[in-house]
Structures are given as C-alpha cells and as structure tokens.
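Please read the notes below alongside the sequence and the model. They are meant for someone who has not looked at this structure before.

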Amino acid sequence: MLHAYERGLDLALRWSLTTLCIFFATVALSVYLFVIIPKGFFPQQDNGFLTGVSETAQDISFADMERHQEELSAIVQADPAVDSIAMFIGGGGTALNSGRMYVTLKPHDQRDANAEQIIARLRPKLENVEGARLYMQASQDVRLGGRATRTQFEFTLQDANLAELNEWAPKILTKMQTLPELRDVATDQQTTGTTLTLKIDRDTASRYGIQPQLIDDTLYDAFGQRQVTQYFTQLNSYHVILEILPELQGKLDTLDKLYIKSPITGDQVPLSVFCKWTTVPVRPLSIAHQGQFPAITISFNLAQGVALGQATNAVQKAVYDLGAPATLSSSFQGTAQAFQQSLGTVPLLILAALVVVYLILGVLYESYIHPLTILSTLPSAGVGALAILMAFGFDFSLIALIGIILLIGIVKKNGIMMVDFAIAAEREEHLSPKQSIRKAALLRFRPIMMTTMAALLGGLPLMLGTGTGSEIRQPLGYAMVGGLIVSQALTLFTTPVVYLYLDNLSNALTRWTQAGKTDGSELPADEIKHAAE
C-alpha cells in the first residue's frame with residue numbers, strides 16, 4: 001500500500017497544477033452541496049410512541065364525541081404494529097369536541113414499519129370516519145415549545161382585528177392543505193360553536209307563579225345530569241342521575257316538550273309559553289392569544305422525505321402568494337421557529353470554528369501560511385459528509401452539523417502530521433520544500449491511516465446502529481464516515497501540493513517584504529547625501 005501511495009504521490013507532485021485545480025474544485029463543490037442540501041433541525045425519531053388529537057364538529061354532544069373517539073381508536077388498535085392505546089376526551093383547557101390518544105407501538109423487531117410509515121398507512125383509514133378526524137404524530141425526544149398542537153410543527157397567525165384574523169386563517173389553511181410538502185394540516189380555530197340563548201318573559205311567567213330559579217332548576221334536571229341520590233351495597237356505590245332520554249338531549253325541539261308545574265294552579269305549563277329561544281349567533285368555542293393579540297395556530301406534519309427547511313419555504317411562499325394584509329402577522333413557533341433561527345447561525349458557527357483553529361495553528365507554527373495548508377484538508381471532508389447525507393436521504397440537521405464540527409478536529413490531523421515533519425526536515429536536514437513534504441507524506445502515511453481508520457470504525461456503530469432512537473444518531477455517523485473516507489482519499493495527495501504552492505507564496509511575500517524594506521532604507525540615505533552636497 002505504501003509503494004502504491006508513493007507512486008500516486010509522485011504523480012500528484014508531477015502534475016501539481018492539475019492537483020491544485022482538483023483541490024479548488026473540491027472547495028467549490030463543498031460550497032455547492034451545502035447550499036443545495038435540504039436543511040432540517042432534528043431527525044425524525046421512532047421511539048415507539050405516537051400521540052394523536054381527535055377533532056369533531058364544534059356543536060357535538062359528549063355522547064357522539066365518545067362514539068367517534070371509540071371508532072377512531074378501534075381503527076388504530078386494529079393495526080398490527082400497535083400494542084396498546086390510552087385516550088380521553090376534553091380536559092387540559094381544550095373544548096369538548098377534541099380528545100387525546102396515546103399509542104404505544106410494539107418493539108422494532110415485532111413490527112414491519114417505522115412510526116412515520118404506520119401513520120401514513122393509518123391516515124386513509126382514519127379519513128373514512130365520517131364527522132371526525134384524528135391527527136397523529138410520532139413522539140420526539142427533543143421538542144421545543146410548550147404549546148400543545150394537533151401535529152408537530154406550528155405556524156401562527158396574529159392580528160389585532162379578530163374579524164380579519166378569522167377571515168384569513170381559513171384561506172391560509174386551505175392553501176397549506178394543498179402543499180405537497182405538508183401532511184395533516186390542522187388549525188386550533190374554533191369559531192363555529194353553536195349557542196342557545198333563552199329569554200324569559202317574566203310577566204307571563206309571574207302570572208303562573210314561576211320564578212327564574214325554577215326554570216333554571218328544570219333545565220338543569222333535563223340536561224345537567226343532576227345527581228339525585230346514591231345507593232350503597234356491600235361492594236359498590238351507585239349514583240342516580242336525573243336527565244331526559246339520551247336520544248332527546250341533542251335536539252332543539254326537546255325544549256317544546258318540557259313542562260314546569262305552576263306553584264299557583266298546580267298545572268303543567270309548557271316552557272314555550274313564557275320562554276323564547278334562538279341559536280343565533282354562532283360564537284367561538286375558544287379564542288387563543290399569543291402575547292396580547294388574538295392568534296390562530298396552524299400545525300402540520302412533514303411528508304415523507306421532505307426536510308423542515310423545504311416545508312417552511314413552501315409555507316412562506318404560499319402566504320406571500322395569497323397577498324395577506326400587512327396587519328396580519330405570521331411566524332413559526334416551537335421547533336420550526338428554532339430551526340429558522342438556527343439557519344442564519346450555522347454558517348457563522350462553522351466560520352467561527354475555522355477561525356479558532358487558524359489562530360491556534362498560527363500561534364503554534366508562528367506562521368500565517370502553514371495553518372492554511374492544514375485547513376486545506378477540510379473541504380474534501382465537507383464534500384464527503386454532505387454527499388453521503390444526500391445519497392442516503394438525510395437532511396442537514398443539527399446532528400449532522402455536530403458531525404461536521406467533529407470532522408474539523410479529526411481531519412486536520414492529517415495536515416498537522418505532514419506539515420510538522422516537513423518543517424522539521426527543512427530546518428534540520430536542509431531539504432528542499434518538495435523533498436521535505438514528500439518525505440513527510442511517506443513517513444507519516446502509516447499513522448495517518450491508523451488514526452483515520454480508528455475514527456472511521458468508531459463512527460460505524462452510529463451509522464449502522466438500529467433500535468429505539470437510533471435515527472437521531474445516524475446522521476452523525478454518516479457525516480463522520482463519509483467525510484473521513486473522501487478526505488483520506490484526497491488530502492494525502494492535495495495537501496503536499498498545497499504545501500508547495502503556499503510555500504512558494506510565502507517565499508515570494510518574504511522577498512517582496514525584504515525588497516520593500518531595502519528600498520525604504522536607501523531613500524533616506526540618498527536624501528542625506530543630496531542635502532550634504
């Protein structure tokens with residue numbers, strides 16, 4: 001292997017200009033790949049747990065809501081990958097027309113699909129349930145933002161004008177539901193709740209001796225599930241609930257069938273004689289706020305194979321195309337908001353790491369040039385990391401960024417090993433730069449290969465590992481392995497060539513600086529001589 005490398009190194013040094021062009025092409029390719037790779041935040045995990053939010057009509061009764069919830073849970077439970085289900089209706093500050101469902105999946109080795117695939121195959125079955133919808137998402141270990149939403153990512157609309165907000169939110173929701181990058185688009189807008197307003201004709205009621213409190217008690221007896229007594233046995237206790245027949249509870253004309261006994265005459269008087277009622281107007285079940293302004297949150301999941309960056313760009317473009325008024329503000333919240341904030345800092349973070357490495361190496365070698373030789377090993381690592389991530393369908397997430405930062409520390413040791421030995425050979429053995437860097441590359445080939453293989457084999461378990469939560473570690477392993485393979489293949493040949501060119505540049509700058517000092521020192525002497533004459 002060493003003899004093969006020696007022949008390849010001599011060829012690279014002989015065709016040094018071509019090798020330098022390959023290096024610059026690698027730099028350009030690394031920048032291009034960074035621009036086009038889909039951007040994400042955290043990889044989607046499958047930790048064996050799904051959460052779901054059910055939603056029905058805003059005027060639904062509890063009995064109908066319970067029936068729909070059981071129908072949805074039966075479909076989910078029938079999936080062969082589902083182990084158990086827990087669910088409830090309402091609670092937690094939510095309206096009665098929504099419920100929660102917590103789904104535990106079977107272990108990975110006992111099911112044939114991951115969490116996203118299970119949700120995808122349940123989606124068409126759940127959509128067939130008339131009058132109800134279940135929004136599901138895979139539970140994640142890392143989730144930013146404490147707002148409970150129907151799906152994973154949040155897009156919030158705000159407006160001081162509530163009417164304008166209620167007008168534009170459905171338009172944006174409809175547009176987002178047509179985007180191919182999104183799935184399970186839902187909203188927390190609850191503006192169509194029915195109301196029943198009952199007005200008492202007090203004069204008519206008083207002629208029968210009926211007081212408003214008696215009317216209120218009668219309505220509560222009919223619809224309020226009043227507990228009238230409790231029976232005890234040796235083992236259990238039983239509550240006796242007073243109410244009208246369940247099939248009559250959701251009908252408006254049931255009020256026409258209610259009678260109240262007159263305290264004066266003892267006769268049964270129809271409620272309609274002294275009461276009028278109406279279901280106008282329709283009022284919101286709830287109005288959410290963010291800060292001091294009303295807000296409506298539209299939540300969504302990602303389509304399979306779509307990165308969060310692609311989804312956020314599609315949502316922003318859709319809102320822009322609709323021409324929403326300037327008074328309607330929109331912003332991502334939670335994980336999507338943190339992702340957008342991180343987009344601008346990722347290049348700065350990488351640049352800061354490079355600057356710190358350059359400064360440390362500059363102090364170590366007391367040179368401005370040699371640190372650039374060592375940093376020249378990094379573009380090839382970036383190409384390898386980004387290319388393997390794209391090839392295996394990963395986006396550039398925060399975990400992949402950590403892999404890139406690790407590569408900066410691992411890969412530059414190739415250049416350090418060569419440059420250290422080459423500088424020592426020039427000073428102690430008085431070799432030419434070409435001879436010294438060639439000797440350094442050949443002598444340090446074995447330790448470079450050993451350290452690279454040790455780091456590469458350390459990344460393989462992260463890359464190939466399976467099991468619960470392995471998805472969040474895989475991009476780190478792929479970035480390390482891909483970056484090390486490509487950088488090892490290229491830097492063994494490009495680093496010596498870059499060293500020679502930068503050494504020539506350094507010598508040229510030194511000669512130019514010395515020539516400038518010489519010219520500067522002769523000028524005052526000529527002036528002194530001229531003045532003396």
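1. Basis. This is a predicted model, in which local features need pLDDT of at least 70, side-chain atom pairs count only at pLDDT 80 or more, and totals for chains, interfaces and linings use all residues. Residues are numbered from 1 along each chain as its sequence is written, and side-chain values use heavy atoms, with hydrogens and water left out.

2. Confidence. The average pLDDT (the predictor's confidence in each residue, from 0 to 100) of the protein chain is 85, and 96% of the residues score at least 70. Residues 527-533 stay under 50, and the model gives them 0 contacts beyond four places in sequence. Contact here means heavy atoms within 4.5 Å.

3. Nonpolar patch. Leu29, Val31, Tyr32, Val35, Ile36 and Met390 form a nonpolar surface patch of about 540 Å². Patches take residues with over 30% relative accessible area and no salt bridge, joining like charges within 9 Å and nonpolar side chains (Val, Leu, Ile, Met, Phe, Trp, Tyr) within 5 Å. A salt bridge is a side-chain nitrogen of Lys or Arg within 4 Å of a carboxyl oxygen of Asp or Glu. Accessible areas come from the Shrake-Rupley method with a 1.4 Å probe, and for residues only the protein chains shown count as cover.

4. Helix H2. With 5 residues, helix H2 (residues 16-36) gives the most to the nonpolar patch. Helices (H or I, at least four residues) and strands (E, at least two) are DSSP runs, numbered from the N terminus. Ile36 lies in H2 and counts as partly exposed because its relative accessibility is 36%; buried means under 20% relative accessible area, exposed over 50%, and partly exposed in between (1.4 Å probe, protein chains only).

5. Helix H5. The 16 residues of helix H5 (residues 162-177) reach 23 Å from first C-alpha to last, close to the 22 Å expected at 1.5 Å a residue; the expected span is 1.5 Å times one less than the number of residues. Among the buried residues of H5 are Leu165, Trp168 and Ile172. The buried residues of H5 pack against strands S5 (153-158), S6 (182-187) and S14 (293-302), and against helix H8 (308-322). Pro170, also found in H5, is partly exposed, with a relative accessible area of 32%.

6. Ile241. Strand S9 (residues 237-242) holds Ile241, which is partly exposed at 41% relative accessibility. Leaving aside neighbours within four places in sequence, Ile241 is in contact with Gln225, Arg226 and Gln227.
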